[in-house]
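Trainee: I am new to this structure and would like a close look at one part of it. Could you please take me through a single sheet and its surroundings?

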Amino acid sequence: MSYKADNAIIMAAGASSRFAPLSYEVPKALIRVKNEILLERQIRQLQEAGIPEIVIVVGYKKEQFYYLKEKMGVIIIENDEYRVRNNNASIYAARDYLKNSYICSADNYFTKNPFKLTVEDAYYAAVYAEGETEEWCMEEDSSGYVGRVQIGGANAWYMLGHAFWNKAFSEKFLEILRAEYHRPETVGLLWEAIYSRHLDKLKLKIKKYERDFIFEFDSLDELRLFDSSYINDTKSAILKKIASELNCAEAEITNICAVKETDKAEAAGFRFVYENEVYEYHYRSEAWRKI
């Protein structure tokens, strides 16, 4: 049986604090990768596939996304709980739109267009890990659907990229989400975690892609490996200021990682390495120091 896609839901509400400090200045989905705005590229790919409706779920720095309504004709809805809940809140915010729907992350980069208007079955995109991985690994059951999901594994297909929910999956998932949404233990869960607890009721296949088809950048250092323009020009006013004060090139600032406050969705600052010394920068004070 095949399904005609009704729409795509793109989750863009999170703070992406690991992508420090660029995500402090602009939402990760709106950074430029190889001369294209990351989210605009994904919207364009969906539109080229004929997807009739695209819904963007925003939260963190939400005002920066609204230009897309006029420029690209998308629908924007707000997830007001992005600070206190994981991405299950974005699914809940988009609940009235869920039908035969693509479920996408705003920060994925697809080297080729993965979207089609007609889809054979509900699925989650995956790439293969040779050797050990800490990603969410999936195994097929005897009927060809996902029968097991676990965090970490080896020589396995793991979740990366988009998913497609047919209407039956959407209805069943929303039934489960509504029943569990207000439980304290649900607050911090990814929608994938909720899905993995109900594999007997929620049927997805594994859509297998080559490793160089789907990319996700969790840090500036990872992005630099994909887009070399960021090596010497980080596009970050914060890093440019630090480089100027250190009298060094931006390329010499590496190993950047966020420093989070325990009760905040956003990071308090970040650490970085310069000449084998570790430094820490704090957003509030706009100051950095060697630690």
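This is a predicted model: local features need pLDDT of at least 70, side-chain atom pairs count only at pLDDT 80 or more; totals for chains, interfaces and linings use all residues.

**The sheet E14 to E17**

Mentor: Four strands form an open sheet in the order E14-E15-E16-E17, and their pairing is antiparallel. Residues are numbered from 1 along each chain as its sequence is written, and side-chain values use heavy atoms, with hydrogens and water left out.

Strands (E, at least two residues) and helices (H or I, at least four) are DSSP runs numbered from the N terminus; two strands pair if DSSP finds at least two bridges between them. Strands of a sheet pair through backbone hydrogen bonds, either parallel or antiparallel.

At the edges of this sheet are strand E14 (254-260) and strand E17 (287-290), each of which pairs on one side only. On average, neighbouring strands are turned by 25° against each other, direction ignored. Axes here are lines fitted to C-alpha atoms, for helices over the stretch in contact (heavy atoms within 4.5 Å), and angles run from 0 to 180 degrees between N-to-C directions.

Five bridges join E14 to strand E15 (residues 267-274) in the antiparallel sense. Ala-258 has Phe-270 in E15 as its bridge partner.

Helix H9 (residues 237-246) lies across E14, E15, strand E16 (277-282) and E17. The helix H9 runs at about 40° to E15.
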